[in-house]
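Reader: I am new to this structure and would like to understand the words used to describe it. Could you take me through them with care?

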Amino acid sequence: MEESVAHPAHAAAEQIRTGRTTLGIELGSTRIKACLVDADDPTVVLAVGSHAWENEYVDKRWTYSLDAVWSGLRAAYADLVGDARARHGVSPSTFQAIGVSAMMHGYLAFDDAGALLVPFRTWRNTDTGAAAAELSELLGVNIPLRWSVAHIRQAVLDAEPHVARLAHVTTLAGYVHAQLTGRRVLGVGDASGMFPIDAHAVDYDEALLARFDALAPGVIPPLRALLPEVLPAGVDAGALTPEGAALLDPSGALEPGIPLCPPEGDAGTGMVATNAVAPRTGNVSAGTSIFAMVVLERPLQHTHHELDLVTTPVGDPVAMVHCNNGASELAAWAGMFTRFAALSAPGADAGADADVDSDAVFDVLFREALAGDADAGGLLAFNHLAGEPIAGLAEGRPLFVRTPDSAFTLANVMRAQLYGVFGTLALGMRVLDAEGVELDLMFAHGGMFRTAGVAQRFLAAALGAPVAVGDTASEGGAWGIAVLAAFAASGRERLADYLDEVVFADAATVVAEPDPVDVAGFAAYLDRYRAGLAVEAAAVAHL
């Protein structure tokens, strides 16, 4: 990805002033990011903004308040405006298009007046087991715990009082988009995490809708009426209303009337950000959660609880391995070492944390992991802060385990922690291997891939496939949805061609091939990981 310095300063300022740009905003699990790009060449990032936020655990459910959604969005947008002013001396007031993306799945339920009925239930909640099992059997496809339809059905099974007032359900991206435009729509990739999609129709599967509606007729409205309208990438998804502009930018500088592209989920924007939309390719996105998306050449032969069947932003079928737990536990360990580094610095005191660059600490620890044994020296790290359905765990207990004869070194500790991020993901990917799904290349993105050649190398070992990391690896979904907005503004017909010919034609990527020694080492680690799940289950039961 080019930096904006490739443009003469006056040219970039004029682009921003005249709105020849697109804006992407993504609400991730720990950060809301905004990304402003050149509408004609989305590889040129003109400004960025961000806002940190965290989910809350309230009444035994993971949630974010809607107040936090809007205060965070305004803060991220204001940060982007400030960055544009600092870089280019001009503040944006209009764009060619805007795109909104967010974490997928979950349950945002509203009555017919638009009032939120219960606090937002995020993808991280795993209390929908009865509904997910019932629907998986009824529909003949795997319905994961986090899917919106599982949340809907579980609310019905539990006879929750709000069900009688239920009028519509959406995802976080769909909610924000509706508030900005007044249109209740959803990109097909995000919609595929609410209810199964018919790839030919690029819409909800009508036969499966009918089966669901027959479960409890009259208890809730027909499911199609509850769910948002499905749209593929590139089509008109509404325009920014005056009320929507004021929500995003209370200063009044942002002009209404700007077109919006279909809102998408973080899985779809990750695929766009890595150009992983062709069969035999896929991507891995690592953050609070970690998931792999593999574009399929043919339908799978069997239903597997480890796999979601979702779609690309244009509706092509994708197998998704989604793990609730990603790099958060790794970050906690790095945070402990950051604190140690701060206290160890000459003249350090209790307030010395700010003097230590956390990115530098990550870099040192990651590079130390390269010196570890291929199997992490017999150490074992579970990163389960939350429940992990693929591993059969309803709750999480982060664990670090070693035996008396393990090689307990810093290098092995860090390699075990990095392997642990990929552990549950690898269990799911082994299921795809058994189905005969072949991979030519996997693209990886997320902050943990910023240290070149470490997490990327270990992921290649975990997958047994080449892993590419490009210039967009740390920008991620906010840039991906900005690209989807640019695609919508371009008038081009095929997303794959647009990505190949416009966005990634000159992209620089680094590919890591699987190292046979690492592959064998990770396989040994994964055997230990699989056996150790009994220890993890015992910890959930007793701690």
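Author: Let us begin with charge: Lys and Arg count as positive and Asp and Glu as negative, while His and the chain ends are not counted, and the place of a charge is taken as NZ of Lys, CZ of Arg, CG of Asp or CD of Glu. By that count the protein chain has 32 positive and 66 negative side chains, with the centres of the two sets 3 Å apart. This is a predicted model, in which local features need pLDDT of at least 70 and side-chain atom pairs count only at pLDDT 80 or more, whereas totals for chains, interfaces and linings use all residues. Residues are numbered from 1 along each chain as its sequence is written, and side-chain values use heavy atoms, with hydrogens and water left out.

Reader: What pLDDT does the protein chain average?

Author: The average is 93, and 96% of the residues score at least 70, where pLDDT is the predictor's confidence in each residue, from 0 to 100. Over residues 1-6, however, the pLDDT is below 50, although this stretch has 18 contacts in the model beyond near neighbours in sequence (contact means heavy atoms within 4.5 Å). Where pLDDT is low, the predicted coordinates should not be read in detail.

Reader: Why is the protein chain called as compact as a globular protein of its length?

Author: The protein chain, with its 17 helices and 22 strands (DSSP runs, H or I of at least four residues for helices and E of at least two for strands, numbered from the N terminus), has a radius of gyration of 23 Å, which is close to the 24 Å that the globule rule gives for 543 residues, and therefore it is as compact as a globular protein of that length. The radius is taken over C-alpha atoms, and the rule is 2.2 Å times the number of residues to the power 0.38.

Reader: Why does Ile390 count as buried?

Author: Buried means under 20% relative accessible area, exposed over 50%, and partly exposed in between, with a 1.4 Å probe and protein chains only; Ile390 has 12% relative accessibility, so it counts as buried. Ile390 lies in the loop between β18 (380-382) and β19 (399-401), and, leaving aside residues up to four places away in sequence, it touches residues including His305, Val321, Cys323 and Leu427.

Reader: What makes helix α10 mostly covered?

Author: Eight of the eight residues of α10 (residues 266-273) are buried, among them Asp266, Thr269 and Met271. Just after α10, Asn275 takes a positive phi of about 55°.
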